[in-house]
Amino acid sequence: MGILQKIFGKEEQAAAEAAPAKECTHSSLVPRWDDPADMGYEDKVTAYTCSSCGESFSPDQKTELERADAERIREMQEQNEAHRRELEQQEAQEASAENKE
Ligand SMILES: [Zn+2]
């Protein structure tokens with residue numbers, strides 16, 4: 001029973017870890033200039049194109065994406081921390097259960 005629980009537990013964990021990767025976070029945005037004379041000036045960028053999914057964003061949207069990205073990273077760190085504590089608790093519970101057997 002303990003072995004089955006461990007196998008299924010690992011599968012669930014792997015699925016949970018793989019799921020967020022499908023969603024594009026638009027983290028690699030490439031700037032585009034309509035006027036070649038403006039090229040290189042970040043404040044004159046016409047639009048940004050995501051090199052992962054090809055979606056295009058206005059400079060305002062890019063700023064918003066960066067803000068959301070920073071927020072996402074902060075949340076991810078908090079989740080990792082919560083997950084780490086959860087694992088520690090599980091390990092402690094498993095250790096005490098094994099001692100009883
Ligand atoms: Zn993208």
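**Strand pairing and the residues around it**

Strands E1 and E2 (residues 47-50) run antiparallel and are joined by four bridges. The model is predicted. Within this pairing, arginine 32 stands opposite alanine 47 of E2. E2 is also joined to strand E3 (residues 56-57), here by two bridges, and these two strands again run antiparallel. Tyrosine 48 stands opposite phenylalanine 57 of E3. Five residues separate the strands in the hairpin of E2 and E3. In that hairpin, glycine 54 adopts a positive phi near 85°.

Proline 31 belongs to strand E1. Beyond residues up to four places away in sequence, proline 31 touches Glu42, Val45 and Tyr48. Phenylalanine 57 lies 26 residues from proline 31 in sequence. In space, the C-alpha atoms of proline 31 and phenylalanine 57 are 9.3 Å apart. Proline 31 counts as partly exposed because it has 16 C-beta neighbours inside 10 Å, a count between the limits of 12 for exposed and 20 for buried.

The phi of histidine 26 is near 50°, a positive value in a residue other than glycine. Histidine 26 has 21 other C-beta atoms within 10 Å and is therefore buried, the cut-off being 20 or more.

Definitions and conventions:
Residues are numbered from 1 along each chain as its sequence is written. This is a predicted model: local features need pLDDT of at least 70, side-chain atom pairs count only at pLDDT 80 or more; totals for chains, interfaces and linings use all residues. Two residues are in contact if their C-beta atoms, placed from the backbone, lie within 7 Å. Two strands pair if DSSP finds at least two bridges between them.
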